[in-house]
Amino acid sequence: MENTHKRLAVLVSGSGTNLQAIIDAIKDRSLPNTEIAIVISNKQDAYALKRAENNDIPSIFLDPKQYKSKEEYDQKLKAIIKEQNIDLIVLAGYIRILTQSFIQAFDKDKIINIHPALLPKYGGKGMYGNNVHKAVLENNEKESGCTIHYVTHEVDAGPIIAHEKVPVYENDTIESLSKRIRVKEHKLLVKAINTVLPKPIIRAK
Ligand code: GRF
């Protein structure tokens, strides 16, 4: 019988509010038959690790300093994830760029990322965190938002799964804009995970 229970690996680097949104959605069953098998962080002080601990979710701090190269680091990351029999890898505020060999080791619909802007605008190398909101404000954009996309060899340029817009106001600061977007991110991420996870096939009797 097909296994209907889905296992996520969530990669994080920061506060983990998106991780929390997934945890909450699993609890309130808006993300049914799903569990977070592992949370992996490249930052020891990421509050996301604390959130995992608070919710009895296995977590690992994988220290980049312990590895000679990005290749070696991602080899280890890959080994941990493969061991866990994961259905979907979610980059939820993970700031490292994954190596090509890591990305190629998984099917093309197995890694998704959340980005705090309306891709393809404001994406790519260096466009992460507050840099994104700063650039949006400097360009006097009237709207911004968030995007969930599949991860491919090109940073922030994989096929888009979903996006959500928010207005940008004249008096916005990086903080006010990022806060408005973050609220949307949480809902969109859960929705996107629900969309992309393989659904059980219901056979007629
Ligand atoms: C989010 O804005 C996400 O789009 C970006 O990094 C931020 C992570 O926030 N990739 P959090 O750690 O989930 O609170």
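The model is predicted, so local features need pLDDT of at least 70, side-chain atom pairs count only at pLDDT 80 or more, and totals for chains, interfaces and linings use all residues. Residues are numbered from 1 along each chain as its sequence is written, and side-chain values use heavy atoms, with hydrogens and water left out.

Trainee: In what order do the elements of the protein chain run from the N terminus on?
Mentor: Helices (H or I, at least four residues) and strands (E, at least two) are DSSP runs, numbered from the N terminus. The protein chain has six helices and seven strands. Their order is β-α-β-α-β-α-β-α-β-α-β-β-α.

Trainee: What radius of gyration does the protein chain have?
Mentor: The radius is taken over C-alpha atoms, and the globule rule is 2.2 Å times the number of residues to the power 0.38. For 205 residues a compact globule would come near 17 Å, and the protein chain agrees with 17 Å.

Trainee: Is Tyr 73 buried or exposed?
Mentor: Buried means under 20% relative accessible area, exposed over 50%, and partly exposed in between (1.4 Å probe, protein chains only). Tyr 67, at 22%, counts as partly exposed. Tyr 73 has a relative accessible area of 1%, so Tyr 73 is buried.

Trainee: What kind of aromatic pair do Tyr 67 and Tyr 73 form?
Mentor: Rings of Phe, Tyr and Trp (its six-membered ring) pair if their centres lie within 6.5 Å; planes under 30 degrees apart count as stacked, over 60 as edge-to-face and the rest as tilted. This rule gives two aromatic pairs. With 5.5 Å centre to centre and 85° between the planes, Tyr 67 and Tyr 73 are edge-to-face.
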